[in-house]
Amino acid sequence: MSTPLLRTLPEWQALARHWRALRGSTLKQLFDAYPQRGARLTAEGAGLYLDYSKNLVTGETIRLLAELARARGVFARRDAMFHGDRINATEKRAVLHVALRAPRTECILVDGKDVVPEVHAVLDRMAAFSDKVRSGEWLGHSGKPMRNVISIGIGGSDLGPVMAYEALKHFSRRDMTFRFVSNVDPTDLAEATRDLDAGETLFIVCSKTFTTLETLTNARAARDWSVQQLGGDETVVARHFVAVSTNAAEVEKFGIDTANMFGFWDWVGGRYSMDSAIGLSTMLAIGPESFREMLAGFHAMDEHFRNAPAEHNLPLLMGLLAVWYNNFFGAQTVAVLPYAQYLKRFPAYLQQLTMESNGKHVTLDGERVDCATGPIYWGEPGTNGQHSFYQLIHQGTRLIPCDCIGFMHPLDPLGHQHDLLMANLIAQTEALAFGKTADQVRAEGTPDWLVPHRVCDGNRPTNTILADQLTPRTLGTLVALYEHSVFTQGAIWNIDSFDQWGVELGKQLARKVVPELQTPGTPKLDHDDSTNTLIRRYRAAQGSIQ
Ligand code: F6P
């Protein structure tokens, strides 16, 4: 029996009625009506504090959203995920990134087999390898220790590692260089290698499938560079290349000994893999102990998501609030604004996590959805964004809910700068919520003609997420917070948050176009007129005969 469409549910209709009654209320009115809401509409878990009081909600909204989650089977689906059921229906796979951070003592069965021992066996191999590289015991082809690590991958095999490296730079080995190559644009690899000694450079080729065009092309070019720089001998690969993949056969075909391969499993989605062996560069940078602390942070949030009651459950609340704005207020985007420069790649990381997961147009039953699914996630660190796009959030015509992320203690104390940073975070949430009325503007002596330009309506909703400090553990909890928020949203929309069929079409067409750019002569082109013209124009620029 197929699941009913969302808008037909009585719980949805109750929310729609509630929204109609609430939509005229301002945040100022909501705060006046319930002066303690700043302290009450909050939740804490796994070391994170969420203030969701500056949202266009009341306690009743949260109760109704939780009812919707119950009616939609979000909790049963969550438990099925933790249980190893094949909830990725279109690929018939379990979705078990939570197993990647399960303690050794846990047992999680996939097809009757406990996967936790395998997870820890890989982690132990990664740790042994990392220790060897970090201590200088692992020597390259010319007998030198590794000082440079270049991770090659794309999408989920890149965004997590880059983000984690940047986020945890404070904890990283400063005497080693870490770089990341993802784009098939040759510039990416050229820039990453141009000033490095190949004799001191280790490549990690990260690809779940080990068939991805960009990654394999870059890996071949990197191999050529190493071989050429180190005397033309193919044996360099054994000392300078390791692989992270689920596909041992392709790794071997590439020429990497599977003894130098770190595996993971088809039940880990690419965008959920930064805590698997895909995080090898992270472990090399921060060391095995800190990597395990990061895993403990992920696990703490997993446990919170699994056990905390709905009204206190951070990822559930964030997921439900995202649904609330997306579907009732018609908000098309969510801005993620980390007040931490180390998190500069966090919004980019979240873009794949959220949009590849929930950019879906049919339900699990293959029916067209009856309401909008995944919002667009974007953002930049504060305070930089304040001097750029915040204007549109404050006074533009769109409603853009924001997640503001801040920390109580800086990693790099410098005078009172951290106070300034946090003052800005707090002030922005206040300004967005309460704005500035015409009377307030006038009282400042503003001439009448200028008043409308200076009025800020307020009512711009924000979540404030606070943690003590940006440590490896905190990063784990933050990432898991968003993973489970994405899960919650996908479960409400009854979509498959774990496949990505749409990405395939572009890949297929690119495979077709490549020979059309390269074949000598005049290839027969059967695309639309725009595509044919672009191909001909490119060929002409290469000097090809048309
Ligand atoms: O872009 C689509 C995608 O399949 C992502 O989901 C994945 O993270 C990325 O490509 C890389 O895939 P792979 O790890 O197999 O190289």
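Entry 1: terms and model. I count as a helix a DSSP run of H or I with at least four residues, and I number helices from the N terminus. The structure I opened is a predicted model, so every value noted below is computed from a prediction.

Entry 2: I first asked which residues surround the ligand, and found 14 of them, with S157, S207, T209, T212 and E356 as the closest. I then looked up where this shell comes from in the fold: α15, which spans 346-358, and α21, which spans 501-518, each supply at least two of its residues. Sorting the shell by residue class, I noted nine polar residues, three charged ones and two nonpolar ones. When I checked the location against the pockets of the protein, I found the ligand sitting in the largest pocket.

Entry 3: For G156 the atom concerned is a backbone N or O, and I noted its distance to a ligand oxygen as 2.7 Å. I also looked up how far the ligand is covered: taken alone it exposes 400 Å², of which the protein buries 88%.

Entry 4: salt bridges. How many salt bridges does a search of the whole structure find? I recorded 29, and picked out one of them, between the side chains of K28 and D32, where the N to O distance is 2.9 Å. Side chains of opposite charge can pair when their charged atoms come close. I placed both residues in helix α2, residues 27-33, and because K28 and D32 are four residues apart there, about one helical turn separates them.

Entry 5: backbone details. Going through the backbone, I noted that the peptide bond from G382 to T383 is cis, with omega near 5°. T383 belongs to the loop that runs between β11 (376-378) and α16 (390-395). I also noted D111, which is not a glycine and yet has a positive phi of about 50°. I located D111 in the loop between β3 (109-110) and β4 (113-114).

Note on methods:
Residues numbered from 1 in each chain as written. Predicted model: local features only at pLDDT ≥ 70, side-chain atom pairs only at ≥ 80, totals over all residues. Heavy atoms only, no water. Near = heavy atom within 4 Å. Polar contact = N/O pair within 3.5 Å; in protein donor to acceptor, adjacent residues only side chain to side chain. Areas by Shrake-Rupley, 256 points an atom, 1.4 Å probe, with all protein chains shown as cover. 1 Å grid on protein atoms, 1.4 Å probe; cavity = no way out; pocket = protein on both sides within 12 Å on 5 of 7 lines; lining within 4 Å. Sits in = over half its atoms within 2 Å of the grid points. Nonpolar A, V, L, I, M, F, W, Y, C, P; charged D, E, K, R; others polar. Salt bridge = Lys/Arg side-chain N within 4 Å of Asp/Glu carboxyl O.
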